Amino acid sequence: MSAPAVPVTAPQGTLRLPRWAVLAGIAVLFTVGYLLYRGTGTLPHDDEAAPFLFINDARETIDAGRNENPLFLYLINYLRLFTAGLYDLLEVGLTALGWPGLIGVMGALGWLAGGWRIALLAAAGFVSFGVLGLWEASVLTLALIVAAVLLALVVGIPLGIWTGGSARVRRLITPVLDVMQIMPTFAYLAPMVLFFQIGPASATVATLIYALPVTIRITALAIEQVSPTAIEASASLGATRRQTLRKVQLPMARETIALAINQTIMMALSMVVIAALISAPGLGSDIVRGLSRANVGFMLPAGVAIVIMAIVLDRMTMAAARRRVSDRVSYVAAGMLALAGLALAAVLPAEFPEEWRISFAGPVNDAVTWAKFSWYDVTTAIKNISSEALLNPLQGLLTSAPWWLVAAAVLAVAWWSSGVRPALTALGCLVAIALLGLWEHGMETLTTVLVAVALTLLIGLLLGIAAARSLRFSAVQRPLLDAAQTMPAFVYLLPALALFGATRFTAIFASVIYAVPPVARLVEEGIRGVPPTVVEAAVSTGSTSGQLLWKVQLPMARRAILLAANQGIVMTLAMVVVGGLVGAGGLGYDVVSGFVQRTDFGMGFTAGVATVLLGIMLDRITQGADRRPSP
Amino acid sequence: MAAERSSASDGAVIEVAGLWKIFGPRSERVLACSDKDLDPAALREKTGCTAAVRNVSFQVRPGEVFVVMGLSGSGKSTLVRCLTRLIEPTAGEIRIGGEDVGSASPARLRELRRHQVSMVFQHFGLLPHRRVIDNIAYGLEIQGMARADRYRRAREILTLVGLDGHADSYPDQLSGGMRQRVGLARALAVDPQVMLFDEPFSALDPLIRRDMQAEVMRLHREVGKTMVFITHDLSEALKLGERIAIMRDGSIVQLGTAEELVGAPVDDYVADFVRDVPRSHVLSLRWICRDPESDEHLDGPVLPADMIIRDAIPASTASARPIRVVQGDELVGVVDRVDILTAMTSDAGAPAVHAEKASA
């Protein structure tokens with residue numbers, strides 16, 4: 001922030017220092033400490049650390065007691081059987097429709113949701129799954145998503161309504177949701193395995209838990225947004241609370257609740273891929289296999305299929321949200337489409353015909369190889385410069401500095417930016433990571449995250465400012481950002497992998513593309529949100545556009561920019577951990593290997609916890625910033 | 001001061017006595033001690049509470065239009081919401097149709113809201129997902145009335161408020177004035193005994209506001225409901241209100257007819273409020289008549305004491321003699337051209353008010 005440094009309201013008698021001086025002081029102290037104590041108090045990684053072994057033992061005990069422990073016997077096993085049953089039912093049902101039948105039914109649903117355009121989109125999208133040679137995997141993925149989304153809605157919508165209607169429940173539930181949302185996707189998986197074993201049931205539950213905060217939050221928001229006058233008017237006419245809920249609040253919240261459903265589906269889609277790590281069936285397993293072999297041609301079709309599914313489901317739910325009522329014509333058309341599909345299913349072969357499929361694994365791999373070779377100089381240069389100039393020195397610094405020095409620095413920075421309580425929370429998280437035996441890997445991941453965040457913020461700020469200052473640029477950029485935000489996170493690893501191979505930089509590249517859109521958008525909105533009268537006043541006093549930006553727009557958009565930073569950090573962390581699959585090392589790699597090798601389960605589990613702790617730490621350091629009084 | 005004016009307290013539709021509403025933590029405790037008499041800023045400073053309604057008492061007679069008027073933040077909206085406990089009062093007694101609202105069970109309270117009291121809101125509070133006809137029928141619907149019956153009733157009301165032909169529109173297709181007609185119709189549809197209006201026209205354009213005021217006066221003549229009308233607009237209050245309560249900082253500072261407020265404001269606050277009101281448009285001859293001078297002829301025209309000053313101008317121009325002001329058969333005093341002109345001069349905001357008031 002280059003906003004004029006506002007003197008902190010210092011107690012009388014002390015010297016008034018500009019805010020950045022404190023930060024500089026911390027840096028100087030850190031450097032001095034580092035030079036004095038370098039190499040002492042480090043916590044090198046140990047694959048056999050006590051917490052890992054403890055978790056391994058715990059897993060053995062739980063596995064052994066699965067049919068004796070009352071908690072499992074009477075609750076968890078039933079939950080597992082129920083979820084697995086639901087998934088099986090959907091899988092069998094969707095498969096039984098046959099491919100023509102399912103395409104017809106999706107077309108029919110599309111028609112009901114938004115007329116012939118959406119019907120065409122839905123049908124074409126599902127045909128493309130067959131064309132890509134991924135019909136069966138797509139159906140499995142769809143079954144998993146539908147199961148998880150149904151459960152998320154059944155649990156989340158009532159909870160959301162309850163939350164939206166009661167301030168007390170909201171106070172209770174918000175911190176829980178906060179923690180759930182900054183948890184990187186990976187962290188959900190290991191506990192799921194512990195309780196629900198590997199397979200579709202635990203994948204469904206993991207997806208459900210991942211998507212649930214969004215369902216609850218948006219539903220609650222929908223209920224809160226209903227005009228209080230309408231509710232009061234209803235109450236003044238003697239409506240009971242149920243009547244008001246059913247006849248006023250729910251209908252008026254309908255569009256936003258539809259958005260909640262839409263977002264739930266999107267979240268489920270991005271989780272479904274990651275859930276492949278714990279043997280979720282479907283498209284995800286292709287992607288994970290392709291990632292671990294750095295085989296772009298193998299995973300590209302599956303990636304494309306996921307994106308298509310995301311687009312189809314997104315457009316369908318959004319269209320359904322906007323529609324007021326379907327007329328008779330659409331019912332007839334939809335019915336005919338579905339029937340036609342089912343009739344064809346009886347005639348056409350059960351498998352999607354071989355000759356209609358297109359395989360492009362070969363050409364894609366060729367293209368990737370070509371790209372790697374022809375752009376070798378550029379990509380390698382980027383990779384090397386960033387590694388030599390940023391990653392390696394930072395990582396060396398963090399891993400060779402004494403742990404207490406790093407912890408003290410984190411405490412000081414968090415205190416400076418957010419206050420005492422967040423600082424203590426951040427410190428607690430860091431100490432816990434050390435206690436879990438994951439200090440070194442944690443520092444490696446932190447390095448990657450810091451570099452990725454720096455790049456994300458830089459690019460996001462530039463794009464956001466450019467968009468805020470030029471309507472034309474904004475018009476070009478907006479649809480791109482929209483598209484980028486509907487895509488599941490995993491998709492971003494594809495181009496990164498194609499360009500940079502399996503390295504640490506791949507994860508950084510992917511997380512930058514993943515996190516830039518929301519940052520750019522928040523910055524743009526923040527700057528555009530500056531009241532026009534203020535801008536007019538500044539212009540009328542003769543500010544240049546640069547002065548306007550630096551002295552008016554950026555300082556006034558400070559909150560939005562800080563929120564963007566916070567969002568960027570949380571998203572980057574999630575992606576960097578996923579990057580463990582493609583050579584990012586650190587905690588992400590530990591998590592992945594925990595699923596692959598039974599002996600590493602303990603390490604994977606604790607690494608998942610450590611990523612959460614890292615996330616909370618970074619969140620606390622940044623979130624307090626926007627609560628400071630505005631200049 | 002309210003009690004002595006509405007002597008027919010047995011016949012009152014709404015009786016409010018000692019009503020308090022304090023927002024904030026531990027409001028009961030504030031009420032119990034002497035803090036409640038602090039002025040608003042001091043109260044907030046000391047306890048963190050806001051007293052929105054302070055010890056308010058009044059009665060509303062059947063068929064009356066009772067106006068509560070005050071600036072924003074004076075507690076008038078809170079007061080009207082307390083009447084049906086849309087906002088729970090902190091203390092005090094409220095009776096509507098003789099029934100104690102304060103102790104009514106939730107079910108009983110709903111019955112009251114469904115059948116006896118309905119409300120019109122400043123921001124309409126219409127349901128955007130329902131057609132006009134369904135909005136009007138909403139109150140009947142939640143009573144459990146059959147669809148055909150409630151639509152029949154809703155159509156009658158639609159005609160009554162002049163919205164024929166708009167039954168199938170959605171609220172967002174209507175203008176502001178028409179939307180408020182829907183709000184009015186919804187409140188009328190349940191055939192309540194009492195209608196509460198919470199600044200219903202303050203979101204409307206001045207011209208439309210005038211139409212709607214005329215509409216309410218017409219409806220009041222036709223259906224004869226008791227009305228409690230909240231407004232911050234003095235001219236609206238004077239136009240509609242049979243009696244007007246002026247609120248300030250949660251208390252009623254004066255309650256009386258328009259004439260009484262303009263003619264005899266109890267304090268500077270009320271005086272300041274009514275200063276710009278053309279006195280000759282509100283006051284009656286009673287307020288300006290005086291004892292005849294010894295040399296005056298008492299054979300001029302005769303006018304009743306409650307005639308508005310403005311309406312006496314033709315008579316005073318027609319005859320040079322002083323007008324004799326009578327109450328029944330009794331002579332109250334006389335008024336000559338000079339008196340009338342003086343009264344009219346003060347319309348322009350001249351401060352020469354208090355001297356005349358003394359003569360009243």
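A salt bridge, as the word is used on this tour, is a side-chain nitrogen of Lys or Arg within 4 Å of a carboxyl oxygen of Asp or Glu. The model you have open is a predicted one, in which local features need pLDDT of at least 70 and side-chain atom pairs count only at pLDDT 80 or more, while totals for chains, interfaces and linings use all residues. Residues are numbered from 1 along each chain as its sequence is written, chains are lettered from A and ligands numbered from 1 in the order in which they are written, and side-chain values use heavy atoms, with hydrogens and water left out.

**Stop 1: a salt bridge within a helix of chain B**

Select B:Glu215 and B:Arg218, whose side chains meet in a salt bridge with N and O 2.6 Å apart. Both belong to helix H10 (residues 206–223) of chain B, and because they are three residues apart there, about one helical turn separates them. Helices here (H or I, at least four residues) and strands (E, at least two) are DSSP runs, numbered from the N terminus. B:Glu215 is buried at a relative accessible area of 10%, whereas B:Arg218 is partly exposed at 25%; buried means under 20% relative accessible area, exposed over 50%, and partly exposed in between (1.4 Å probe, protein chains only).

**Stop 2**

Over all chains, a search of the whole structure finds 28 salt bridges. One to select in chain A joins the side chains of A:Arg528 and A:Glu524, at 3.1 Å from N to O. These two residues are four apart in helix H22 (residues 504–528) of chain A, which means that about one helical turn separates them. A:Glu524 is buried, with a relative accessibility of 3%, while A:Arg528 is partly exposed at 37%. Back in chain B, select B:Arg275 and B:Asp272, which form a salt bridge whose closest N and O atoms are 3.6 Å apart. Here B:Arg275 counts as exposed at 51% relative accessibility, and B:Asp272 as partly exposed at 47%.

**Stop 3: where the chains meet**

Show both chains together, and look for the 24 residues of chain B that are in contact (heavy atoms within 4.5 Å) with 18 residues of chain A. The size of an interface is often given as the accessible area lost when the parts come together. Between chain B and chain A the buried area, which is the accessible area (1.4 Å probe) that two parts lose on being put together, summed over both, is about 1,800 Å², and carbon and sulfur atoms give 62% of it. On the chain B side, select B:His129, B:Tyr138 and B:Ile142, which lose the most area to chain A and together account for 28% of what that side buries.

The rule finds two salt bridges across this interface, one of which joins the side chains of B:Arg81 and A:Glu232 at 2.3 Å, N to O. Among the elements of chain B that give two or more residues to the side touching chain A are helix H5 (106–115) and helix H7 (138–143), and H7(B) gives the most, with four residues.

B:Arg81 itself is among the buried residues of H4(B), as are B:Leu79 and B:Val80.

**Stop 4: turning points in the backbone of chain B**

Most residues other than glycine have a negative phi, and most peptide bonds are trans. Select B:Asp191, which has a positive phi of about 50° although it is not a glycine; this residue sits in the loop between helix H9 (176–189) and strand S7 (194–198) of chain B. Then go to B:Asp249, where phi is near 50° and again positive, in the loop between strand S9 (243–248) and strand S10 (251–256) of chain B. B:Asp249 is partly exposed, with a relative accessible area of 38%.

**Stop 5: a buried leucine**

Finish in chain A by selecting A:Leu494, which is found in helix H21 (residues 493–500) and is buried, with a relative accessible area of 8%. Which residues is A:Leu494 in contact with, leaving aside its neighbours within four places in sequence? They are A:Val296, A:Met299, A:Leu300 and A:Gly303.
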